[in-house]
Amino acid sequence: MSAATFVSKDELRARFCSALSAMYRAEVPLYGDLIELVDDVNAETGIKPEDRLKVERHGAIRLGKPDELAMIARLFAQMGMEPVGYYDLSPVGVPVHATAFRPTARSSLAYNPFRVFTSLLLPELLEPELRAEVEAVLANRDIFQPEVRTLVAKSESDGGLVEADAALLVEKALDTFRWHDTALVTRDVYERMHEAHALVADIAAFKGPHINHLTPRVLDIDAAQEGMSRRGITPKTIIEGPPRRACEILLRQTSFQALTEPINFPGGGSTSGSHRARFGEIEQRGQALTRKGHALYLELMSKIPAAVDNASHQKALGKVFEAFPDTWEEIAAQALGYFEYALVGAAPSAPKALAELVRDGVVSQTPVTYEDFLPASAAGIFQSNLDSPDSPGKRSPSPPARNATREKFAALLPIKLRDSFALHEGIQESSIRKLEEQLGWKLP
Ligand code: OOG
Ligand code: NI
């Protein structure tokens, strides 16, 4: 079979993303309302929308056991997505650790940027009795259709899939992400899981890891946050991440609160109940920061008091972030963010500093977009969708101890876990190498 007859991995990802989006809109009509709002906000900004603006940027699933993570990694690899970054949510009371499967090549991100924030339950944080129960339920479930395993193996050995197989893989893989309104466990077991942590019930009480949100890109997240309430969509209290700035950095996110949905339980007794898991989110991305820039970001975030409402939270952020330079020139001078450089004018024959070339208009300097996630923001998104809506003050109890590590997580993956800084830095580095080639001399 020649590669030319295979559907490309990028195309497979694009088709999967589009199928998932259609399924989720049908399952969660409020998500369709959010998309309409995003379209309106994006149109109002007057910024010329790129072709790919309408494509969802990310989704999220929560897995129960290492086998599921290994298989999902193999499935996503066939769609051109690799695990990037490690997020340990356990220190903030969310009993999971996570990675994001995403395209890494520039051309692949441009073709279709879809990524999946994928968490894995940390059963070692549960009481021994419940842990045994949870693990027994998980051991007995298979979240993949048999065709998914066959087609992934085929794609791995042949190097791709032909049209008919690709279509079948998209169809069968979609099933893993579907909502199940009947729990896998009795009400009694569900309640015990839920009592330990709402996330435990969400992960272990169902047949599969329903997609819990999808996230389009919005060009003005502040306008979208306000727009939600006006359209009867209940937003989470605050926009996560850095404040609005002239030079946007990292990632800002907000979501609508997870819906309370009816579910059924198998077995006798009272068989109907409700479950909160599914929501809709929006994101706005800015520049990827260097380790130094990221450390400054974390330091400033640590000075922000617990948020009461979004307006005062954004005000507090704005004040504290006055300490983070807000011109590209200064961000570059202090090496806080990554940039991509390109020769756009006549190259001088004698070596000159990069900053000078940029100032002279000989070289363009474009911020590299941050393609990953933020642990504290992710925790905020998790938490806002786990508390029961009628008792917003009630937080799920914190797990007793830390047990998660990047190494343990990476060892469960059949594919190398990649580093977010290294990937963003690589874009800057390769642009500089190319620039030096064109200049014919090394930058001093
Ligand atoms: C994942 C929450 C994290 C994000 O955008 O930071 C996330 C989840 O709720 O399963 O998606
Ligand atoms: Ni998300």
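**Reading the strands of a predicted model**

Author: Strands E3 and E4 pair in the antiparallel sense over five bridges. Two strands count as paired if DSSP finds at least two bridges between them, and strands are DSSP runs (E, at least two residues; numbered from the N terminus). This is a predicted model, in which local features need pLDDT of at least 70, side-chain atom pairs count only at pLDDT 80 or more, and totals for chains, interfaces and linings use all residues. Residues are numbered from 1 along each chain as its sequence is written, while chains are lettered from A and ligands numbered from 1 in the order in which they are written.

Reader: Which residue is the bridge partner of Pro83 in E4?

Author: The partner of Pro83 is Phe101.

Reader: How many bridges join strand E4 to strand E5?

Author: Six bridges join E4 (residues 96-102) to E5 (residues 115-121), and the two run antiparallel. Thr99 stands opposite Thr118 in E5.

Reader: In what order do the five strands of the open sheet stand?

Author: The order is E3-E4-E5-E2-E7, with mixed pairing. Strands E3 (82-88) and E7 (213-215) are at the edges with a single partner strand each, so one side of each has no neighbour in the sheet.

Reader: Why is E3 described as largely enclosed by the rest of the structure?

Author: A residue is buried if 20 or more other C-beta atoms lie within 10 Å of its own, with C-beta atoms placed from the backbone. Six of the seven residues of E3 are buried, so E3 is largely enclosed.

Reader: How many residues of strand E11 are buried?

Author: Five of the six residues of E11 (residues 280-285) are buried. E11 pairs with E8 (residues 251-256) in the antiparallel sense over six bridges, and Arg252 stands opposite Gln284 in E11.

Definitions and conventions:
Helices (H or I, at least four residues) and strands (E, at least two) are DSSP runs, numbered from the N terminus. A residue is buried if 20 or more other C-beta atoms lie within 10 Å of its own, exposed if 12 or fewer, and partly exposed in between; C-beta atoms are placed from the backbone.
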